[in-house]
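Hello,

Here is the structure I promised to pass on to you.

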Amino acid sequence: RRRAASARSRVPPAGQRRVSIVGMHDAVVVETADGDLIACWFHGTGERRSDDVQIMGARKRNGASTWSAPFQMADTPDLPDCNPVLFIDPRGHAMLGFGLVLGLARTDASDGRVFPYVFPLITNYWSQNTAKIKFIGMKEGGMDKLKGKKIVNIYHDSAYGKETIPVLDAQAKKYGFTVSHIPVPHPGNEQGAQWLQVRQIKPDWVILRGWGVMNPVALKAAAKVGFPRDRIIGVWWSGAEEDTIPAGDASKGYIAAGFNVAGTNFPVVQEIKKYVYAKGKGEMEDQTRIGSIYYNRGVVHGIVTVEAIRKAQEKYGKKPLTGEQIRWGLENLAISEARLKELGAAGFMQPLKVSCLDHEGGGAVKFQQWDGTKWKVITDWITPDRELVRPMIEASAAAYAKEKNITPRDCSKEM
């Protein structure tokens with residue numbers, strides 16, 4: 001038997017003892033052929049920038065009533081290890097993967113010279129934020145029209161939420177708008193005070209950098225104080241059906257950035273329905289979610305992962321690959337518009353070209369608007385302000401390298 005359990009499973013340590021952990025994600029759980037359960041998760045003092053974040057595991061033997069004591073599964077020196085994936089391969093081996101992320105992780109990890117094993121692929125947070133300001137400029141009639149405008153940045157009070165404050169401040173200085181940063185404590189189910197501040201500030205636009213329940217609560221609070229939702233722009237973790245449907249009518253008109261789009265009218269999704277679900281091989285119980293933002297994001301992740309493996313096998317042969325060989329495949333990944341068309345994913349995601357120097361590989365986003373029942377794409381791909389973002393990435397990565405005594409790689413020697 002091989003079965004993956006829900007990422008919502010909670011894994012108690014041995015003897016049902018409680019362990020105090022500042023930061024932790026719920027576990028991924030798999031079942032081995034002999035009926036044992038193996039769980040993995042990451043924990044530490046800070047998800048994104050704390051070096052003590054590591055991948056931990058625990059095992060519950062078949063027939064046992066308690067889990068083993070937690071044990072370390074991976075800990076990359078000088079880096080936080082996040083978002084593990086654990087699965088049982090066809091040989092019955094437990095396989096652990098982490099480090100490949102889409103649309104998240106610390107932005108300066110886009111500099112592969114300093115962060116060779118971290119890939120914040122497709123679009124990092126700073127790139128996305130500059131695209132948001134470009135979008136606002138388009139709506140206002142040009143970037144020069146941003147001067148004197150007021151923007152409020154409502155953010156989840158965490159390292160993730162604070163990530164875009166520096167680039168927003170830099171853009172405010174560049175274009176002459178004012179920005180007010182308003183934090184929302186986790187989990188974000190109380191926002192009355194924050195939206196009263198918004199009403200007092202009277203901004204032209206609000207940027208919503210939320211997470212989980214914070215998102216629908218923000219939209220309801222905005223409606224309560226009379227702030228128009230079509231003047232609110234969300235990050236992609238605030239731009240899924242799970243964020244809009246719970247808010248009901250308060251979400252209509254709301255806009256969010258995304259590095260993938262919703263919908264089933266793409267050949268790649270149609271083929272999944274035809275060759276997987278029509279043959280009873282799918283695992284999505286609620287098949288109405290096929291084509292949703294998060295479902296399609298998983299398809300994008302699959303495309304990127306498989307194409308990276310394909311690239312690595314071009315060099316190393318069609319055989320099981322090592323982690324280092326997969327890293328090479330990711331760092332040399334190139335998905336052209338023509339290749340996306342072959343995969344049935346044209347318009348579904350943007351082309352990518354990753355390198356030693358650039359672990360982002362893309363940078364563009366599309367904007368989608370909630371019409372009350374579904375997301376509607378309202379722009380083409382909008383590129384980031386690379387002239388602003390790239391120097392900030394390199395400066396931040398260089399400071400990290402200096403702090404950790406890391407010698408950046410010479411990309412001219414990477415083949």
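Below is what I found, feature by feature.

Please keep in mind that this is a predicted model.

Let me start with the cysteines. Counting by sulfur distance gives one disulfide, and it joins Cys356 to Cys411, with the sulfur atoms 2.0 Å apart. The torsion about the S-S bond of this pair is about -75°, so the disulfide is left-handed. Cys356 and Cys411 are 55 residues apart and tie together distant parts of the chain: Cys356 sits in the loop between strand S17 (352-353) and strand S18 (366-370), while Cys411 lies in the segment after helix H11 (386-404). Cys356 is buried, at a relative accessible area of 9%, whereas Cys411 is partly exposed at 23%. Elsewhere, Cys40 is buried too, with a relative accessible area of 0%.

Just after the helix, Lys202 has a positive phi of about 55°.

Now for the charged side chains. The structure has 23 salt bridges, and I picked out a few to show you:

- Glu140 pairs with Lys149, with the closest N and O atoms 3.4 Å apart. Glu140 counts as buried at 18% relative accessibility, and Lys149 is partly exposed at 22%.
- Lys374 and Asp371 meet at 2.9 Å, N to O. Lys374 is partly exposed at 48% relative accessibility, and Asp371 is partly exposed at 29%.
- Glu414 and Arg409 meet at 3.3 Å, N to O. Arg409 counts as buried at 17% relative accessibility, while Glu414 is partly exposed at 30%. Through shared partners, salt bridges join Glu324, Arg327, Glu331, Arg409 and Glu414 into one network.

Lastly, the surface. Val85, Phe87 and Met95 make a nonpolar patch of about 250 Å². Of these residues, Val85 belongs to strand S7 (residues 85-88) and is partly exposed, with a relative accessible area of 47%.

Happy to talk any of this over.

Best wishes

Key
Residues are numbered from 1 along each chain as its sequence is written. This is a predicted model: local features need pLDDT of at least 70, side-chain atom pairs count only at pLDDT 80 or more; totals for chains, interfaces and linings use all residues. Side-chain values use heavy atoms; hydrogens and water are left out. Patches are made of residues with over 30% relative accessible area and no salt bridge: like charges are joined within 9 Å, nonpolar side chains (Val, Leu, Ile, Met, Phe, Trp, Tyr) within 5 Å. Accessible areas come from the Shrake-Rupley method with a 1.4 Å probe; for residues, only the protein chains shown count as cover. A salt bridge is a side-chain nitrogen of Lys or Arg within 4 Å of a carboxyl oxygen of Asp or Glu. Helices (H or I, at least four residues) and strands (E, at least two) are DSSP runs, numbered from the N terminus. Buried means under 20% relative accessible area, exposed over 50%, partly exposed in between (1.4 Å probe, protein chains only). A disulfide is a pair of cysteine sulfur atoms within 2.5 Å.
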